[in-house]
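I opened this notebook to record a search for salt bridges. The entries follow the sequence and structure shown here.

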Amino acid sequence: ITFLGCCGAWKENRCLLGSYFVAVLALLVLICTGTVIAMSQGVEHIADPLKDTLYLYDETSSRGDIKEITSLWDAVQQEYQCCGVFSAYDWEKTPRFNGEGYLEDGKAIIMGVKVPRSCCEAAPNKALCMTRPSNKNGAYIVGCFEILYDSISDHINIAGGIAIAIIVIMVLDMLIACYMCTCTLSENKDVVGRPRKRNYNRTPGNYP
């Protein structure tokens, strides 16, 4: 798209400038639509996709995408000392941590786990913490989304501000392209005398 604009301006070609204008207009519509949707929905809509990833958590999986999701959840829960999306009890809604599953801890097997071991990083008795998650047993109870809410909101506002700045720049860019296409390169007699590049090919005709 930039090539069309640069080439059109350099060669003073209305076809290239017109194509550039249409392409930028299409991008502008897409960016405006995306910005309005993102800003109107707010941060809360991010919670549902996060909940979906809880069902993909699996320490024993050999799949690359599952391992990445598992590692990411472990890293976030350990760093921010949180558990689940809204609370630690979000994990109990998943088949792996509904109280009927188990996890291997070295040579031992922990039955009836309700949260991952990363929710019990600071617990003195990790087995008890994983089967009975509570503040008393050393589990992280507060949800990660609750902790990261303010940070996510700030980032969304920043992204919205950047998007608005880009929209303003694109509108100015379109106005310049439109001016060059319809005014500067006009073939009307009242603008024939304007300076032009030597390699600009004017349409043959009789000019004063």
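The entries below record the pairs one by one.

Entry 1, basis. I worked from a predicted model, in which local features need pLDDT of at least 70, side-chain atom pairs count only at pLDDT 80 or more, and totals for chains, interfaces and linings use all residues. Residues are numbered from 1 along each chain as its sequence is written, and side-chain values use heavy atoms, with hydrogens and water left out.

I searched the whole structure and found three salt bridges; the term requires a side-chain nitrogen of Lys or Arg within 4 Å of a carboxyl oxygen of Asp or Glu.

Asp58 lies in the loop between α3 (47-54) and α4 (64-80) and Arg96 in the loop between α4 and β1 (102-105), so the pair ties together parts 38 residues apart in sequence. Helices (H or I, at least four residues) and strands (E, at least two) are DSSP runs, numbered from the N terminus. Asp58 is buried at 14% relative accessible area, whereas Arg96 is partly exposed at 33%. Buried means under 20% relative accessible area, exposed over 50%, and partly exposed in between (1.4 Å probe, protein chains only).

Glu59 sits in the loop between α3 and α4, and Arg117 in the loop between β2 (108-111) and α5 (126-131), 58 residues apart. Glu59 is partly exposed at 30% relative accessibility, and Arg117 is partly exposed at 24%.

Arg63 is exposed at 51% relative accessibility, while Asp65 is partly exposed at 37%.
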